[in-house]
Amino acid sequence: MVPKFGVIGAVLASGILAHALPQGNPSDPSQPAGYLFAAFKGDEPQVFFLTAPADSPTTFQALNGGRATLIPTTGTGGARDPFIFRAQDQSRYIVLATDLDIGKTNWADAQTTGSRSIYVWESSADGVSWSAERLVELMPPTAGYVWAPSAIWDVERSQYALFWSSVLFDASDAAHTGPSTGPFIFYSHTSDFATFTPPQRWNPDSTPTVIDQEIQHLGGSSYLRYLSDTQEVRRVVLERSDTGLFGAWTRIGVPVDRVREGPAAYRDILDPGKYYLLEDDYGGEGYECYSTGDFEVPYAPCEVGLTPAGLRHGAVVQVDGVSYAALQGNVTAY
Ligand SMILES: *[C@@H]1O[C@H](CO)[C@@H](O)[C@H](O)[C@H]1NC(C)=O
């Protein structure tokens, strides 16, 4: 069921991790009060939202009676690998997603003549109301696809850095029937998720064939990234840079020694020394939960396993008390 290269994936709750997490008065509605999870399901390539309270970070409750909230009508009409983050000015949440409905195609075509665009949705300040999607093209016709977008605020440029993976075909091979190179991770910068700087390879000298970047800012110039290594170890791998987003990355290892993809990482609100890593068992039940306090591999299974089952490659963000309270109005909607 999965293609030669493994699959799509990716996520990241990372944007939120870049922010200092105030541990102030929990009754202050500007403080983190819960988690908002955006995910897709294998046979339903649409964006589902779920929430969990601060004291129960792996037990999620579906919004909208379990129905998808974001259903694209442009592009292929299928959205996978949703990545949710809060805008740097806190004015809204943003969801990015892969444009792929595998039910209407097959993995061979999806990896050679797939969409070169991503979906972008933007919400009201509290995350309850969402715009229609914007379909934005990121790569030239030499690319075979654009998968698993994620974004993080780049403090060096005061813009968002947007990342995704693509394979490349020779410019003379317009039908993409010959060999490709990659997948590689590309990036571009943007202020508005409407216009973007020209795509560039991320670490062109060092990265093997990877997709599904999930980035966490540890502070200062230190970052972690999780990647799905599709060809060498077929595992999610962990790397670290202490020289910035575009500095030198060193591989730490494999947090979970199983065939998985689509990492999503988030930090505990009440215990900021604890981090969760979700990995997608794409041939099985979807996301499983692991946790760590020190980023040494292997990670431990979460004490309370992730529920509900069946969620796939998405992202989790911390939301403040205002957003969390407003989103609870959707738990019983419908
Ligand atoms: C909440 O419910 C409203 C009304 O049904 C809907 O328009 C909105 O998209 C929902 N938001 C989320 C996050 O599910």
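1. Let's start with the sheet in this predicted model. Four strands make up an open sheet, ordered β8-β9-β10-β11, with antiparallel pairing. At its edges sit β8 (147-154) and β11 (200-201), each of which pairs on one side only.

2. Within that sheet, have a look at β9 and β10. Strand β9 (residues 159-169) runs antiparallel to strand β10 (residues 180-190), and 9 bridges join them. If you want a residue pair to click on, Phe163 has Tyr187 in β10 as its bridge partner.

3. The largest nonpolar core has 39 residues, and the members that touch the most others are Phe49, Ile84, Leu96, Trp121 and Phe193. Strand β5 (residues 93-99) supplies the largest share of this core, with 5 residues. A separate core of 18 residues lies apart from that one, and its members include Leu50, Ala54, Tyr266 and Cys302.

4. Leaving aside residues up to four places away in sequence, Phe49 touches Leu36, Phe37, Ala38, Ala62, Leu63, Thr69, Leu70, Ile84, Val95 and Trp130. One of these contacts, Ile84, is itself among the core members that touch the most others.

5. Finally, a pocket for you. The second largest pocket has a volume of about 150 Å³. Its lining includes Asp55, Ser56, Pro57, Thr58 and Thr59, together with Asp268, Lys274, Tyr276, Ser291, Cys302, Glu303 and Val304. Sorted by class, the lining has 4 nonpolar, 4 polar and 4 charged residues. Cys302 links two of these points: this residue belongs to the core of 18 residues and also lines the second largest pocket.

Key
Residues numbered from 1 in each chain as written. Predicted model: local features only at pLDDT ≥ 70, side-chain atom pairs only at ≥ 80, totals over all residues. Heavy atoms only, no water. Pairing = 2+ DSSP bridges. Helix = DSSP H or I, 4+ residues; strand = E, 2+ residues; numbered from the N terminus. Core = buried A, V, L, I, M, F, W, Y, C linked by side-chain atoms within 4.5 Å. Buried < 20%, exposed > 50% of the residue type's maximum accessible area, 1.4 Å probe, protein only. Contact = heavy atoms within 4.5 Å. 1 Å grid on protein atoms, 1.4 Å probe; cavity = no way out; pocket = protein on both sides within 12 Å on 5 of 7 lines; lining within 4 Å. Points joined across faces, edges and corners; volume = space filled by probe spheres on them. Nonpolar A, V, L, I, M, F, W, Y, C, P; charged D, E, K, R; others polar.
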